[in-house]
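Trainee: Could you walk me through how to read ring and charge features in a protein model?
Mentor: Gladly, let us look at one together.

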Amino acid sequence: MAKGSESGSESDPNGWSRARGLVVKTLVLIGGAFLLKRLTKSTTRWDHAKIVARSLSGEKFSREQASRDPDNYFNFRIFTCPATEMVDGSKVLYFEQAFWRTPQKPFRQRFLMVKPCPKDLKCDVEVSSYAIRDVEDYKNFCDRPRDQRPLPEEVIGDIAEPLTTIYLNRCERGKRCLYEGSTPPGGFPNSWNGATHFTSELMVLKNNKICTWDRGYDDEGNQVWGVKEGPYEFKPAPASSFNAN
């Protein structure tokens with residue numbers, strides 16, 4: 001009996017130690033989860049911007065859409081890639097668009113700046129386009145080896161006047177897109193083909209697919225340029241199929 005009583009008295013401290021260790025581990029796990037949640041929350045806005053910048057990047061074609069509806073859509077090639085990063089963390093991408101048969105002759109060249117929306121706006125990501133001071137210096141920028149491209153500090157100096165800004169929001173659960181948005185109501189000034197202003201819409205899909213829809217309007221609200229049937233659909237294409245058509 002005495003031995004049994006002695007054994008019981010020795011087991012109590014050990015049990016308390018185990019319980020205390022379990023409590024400490026639980027508190028550590030809870031604290032770690034809370035810290036992780038705070039860190040995740042503080043970086044969410046920039047995470048969205050990074051996802052959009054990554055989705056916009058790469059070589060994409062509207063080939064499938066042009067094959068389905070050649071009367072309304074061309075097979076365009078767009079190529080976008082990182083050019084530099086601003087001090088505040090904004091990603092600057094170089095963008096160019098050309099007909100797929102003549103990629104060496106882009107007819108549209110822009111810088112795209114991707115960053116989180118200001119906190120006072122009800123959106124997640126802001127994508128702004130800028131003119132380039134000397135477009136010839138940047139022709140086929142993404143196709144070149146890095147040591148043959150303008151330096152990051154040169155890129156910053158070549159960002160010219162702002163052209164458009166599209167405000168993106170995360171898509172609602174169940175939709176096929178990741179982000180979608182457009183220019184503000186009224187769009188931006190434009191004078192091509194009798195237009196007074198134009199609007200742009202952008203949808204970011206899974207697998208680096210994107211949809212874009214640019215349309216110009218006159219003073220009376222008539223559409224004077226841009227496709228009317230729906231947005232252009234751009235999809236990445238394997239390198240082996242670039243010259244398939």
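Mentor: Start with Arg215, whose charged end sits over the ring of Trp213, 3.5 Å from its centre. A charge sits over a ring if NZ of Lys or CZ of Arg is within 6 Å of the ring centre and within 35 degrees of the ring normal. Keep in mind that this is a predicted model, where local features need pLDDT of at least 70, side-chain atom pairs count only at pLDDT 80 or more, and totals for chains, interfaces and linings use all residues. Residues are numbered from 1 along each chain as its sequence is written, and side-chain values use heavy atoms, with hydrogens and water left out.

Trainee: Over which ring does the charged end of Arg149 sit?
Mentor: Over that of Phe141, 4.9 Å from the ring centre.

Trainee: And how do I read two rings together?
Mentor: A pair of aromatic rings is described by the distance of the centres and the angle of the planes. Here rings of Phe, Tyr and Trp (its six-membered ring) pair if their centres lie within 6.5 Å; planes under 30 degrees apart count as stacked, over 60 as edge-to-face and the rest as tilted.

Trainee: How many aromatic pairs does this rule give?
Mentor: The count is 15. One of them joins Phe76 and Phe99, with 5.1 Å centre to centre and 45 degrees between the planes, a tilted pair. Phe76 is in strand β2 (residues 76-85) and Phe99 in strand β3 (residues 91-99), so the pair links distant parts of the chain, 23 residues apart; strands are DSSP runs of E, at least two residues, and helices are runs of H or I, at least four, numbered from the N terminus. Both rings also belong to a cluster linked by ring pairs, with Tyr73, Phe74, Phe107, Tyr232 and Phe234.

Trainee: Is Phe76 buried or exposed?
Mentor: Buried, at 9% relative accessibility, while Phe99 is partly exposed at 39%. Buried means under 20% relative accessible area, exposed over 50%, partly exposed in between (1.4 Å probe, protein chains only).

Trainee: Why is the pair of Tyr94 and Phe141 called tilted?
Mentor: Because the planes of Tyr94 and Phe141 are at 50 degrees, with the ring centres 5.3 Å apart. Tyr94 lies in strand β3 and Phe141 in the loop between β5 (125-132) and α3 (152-157), so this pair ties together parts 47 residues apart in sequence. Tyr94 is buried at 0%, and Phe141 is buried at 2%.
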